[in-house]
Amino acid sequence: MTSTSFKHALSQLLLPPVIGQAILACVLALLIYSLESSATWVDHTDQVLSRMNKLTRLMIDEETGVRGYLLTGRKEFLEPYNRAKLQIDPAFQQLQQLVNDPLQIDRLRKLSADNDAWEAFAAARLTATRTHEELI
């Protein structure tokens with residue numbers, strides 16, 4: 001076997017595994033990139049869900065406080081309402097900063113408008129109840 005035929009045989013023997021490993025390395029790099037991208041979206045979704053859960057709890061606290069006060073007339077029941085009322089607008093703003101989808105943005109705006117309307121209703125009911133209590 002001559003040296004040129006040996007080199008040719010050696011290159012034919014080694015070239016396919018080297019090319020195969022290079023292709024596998026490229027595929028692996030693409031899969032890692034895809035995994036990182038998916039993980040980023042999962043983290044973002046977790047943040048949105050966490051903020052939405054916090055916002056839901058605040059809205060429930062507002063409603064619970066008003067309902068408790070209207071049923072009992074005891075001012076300590078307004079503590080959750082007053083505490084949540086201070087935190088709800090910043091919670092909406094934080095959530096709006098995270099949301100990018102136009103449909104979600106519209107839903108969030110509608111939820112904010114509905115909450116504003118409910119807060120106005122609740123404030124009117126509280127004012128009417130306090131005025132009624134003062135008259136008695």
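Colleague: Are α1 and α2 roughly parallel or roughly antiparallel to each other?

Modeller: In this predicted model, local features need pLDDT of at least 70, side-chain atom pairs count only at pLDDT 80 or more, and totals for chains, interfaces and linings use all residues. Residues are numbered from 1 along each chain as its sequence is written, and side-chain values use heavy atoms, with hydrogens and water left out. Helix α1 and helix α2 (residues 79-98) pack at about 155 degrees, where axes are lines fitted to C-alpha atoms, for helices over the stretch in contact, and angles run from 0 to 180 degrees between N-to-C directions. Because angles under 35 degrees count as roughly parallel, over 145 as roughly antiparallel, 65 to 115 as roughly perpendicular and the rest as oblique, α1 and α2 are roughly antiparallel.

Colleague: How many residues of the contact of α1 with α2 are nonpolar?

Modeller: The axes of α1 and α2 lie 8 Å apart. The contact includes five polar and five charged residues; Ala, Val, Leu, Ile, Met, Phe, Trp, Tyr, Cys and Pro count as nonpolar, Asp, Glu, Lys and Arg as charged, and the others, Gly among them, as polar. The number of nonpolar residues is 14.

Colleague: What distance does α1 reach from its first C-alpha to its last?

Modeller: Helices (H or I, at least four residues) are DSSP runs, numbered from the N terminus, and α1 covers residues 3-72, 70 residues in total.

Colleague: Which residue marks the kink in α1?

Modeller: A bend is the angle between axes fitted to the seven residues ending at a residue and the seven starting there. In α1 the kink is about 30 degrees and comes shortly before the proline P16. The residue is L14.

Colleague: Where does α2 bend?

Modeller: The bend in α2 is about 35 degrees, and the proline P90 follows within four residues. The end C-alpha atoms of α2 are 29 Å apart, in agreement with the 28 Å that its 20 residues should span. The bend lies at Q87.

Colleague: Is L98 buried or exposed?

Modeller: L98 belongs to helix α2, and its relative accessible area is 16%. Buried means under 20% relative accessible area, exposed over 50%, and partly exposed in between (1.4 Å probe, protein chains only). L98 is therefore buried.

Colleague: What separates the C-alpha atoms of M59 and Q87?

Modeller: M59 lies in helix α1 and is partly exposed at 22% relative accessible area. In sequence, M59 and Q87 are 28 residues apart. In space, their C-alpha separation is 9.8 Å.

Terms used:
Helices (H or I, at least four residues) and strands (E, at least two) are DSSP runs, numbered from the N terminus. The expected span of a helix is 1.5 Å times one less than its number of residues.
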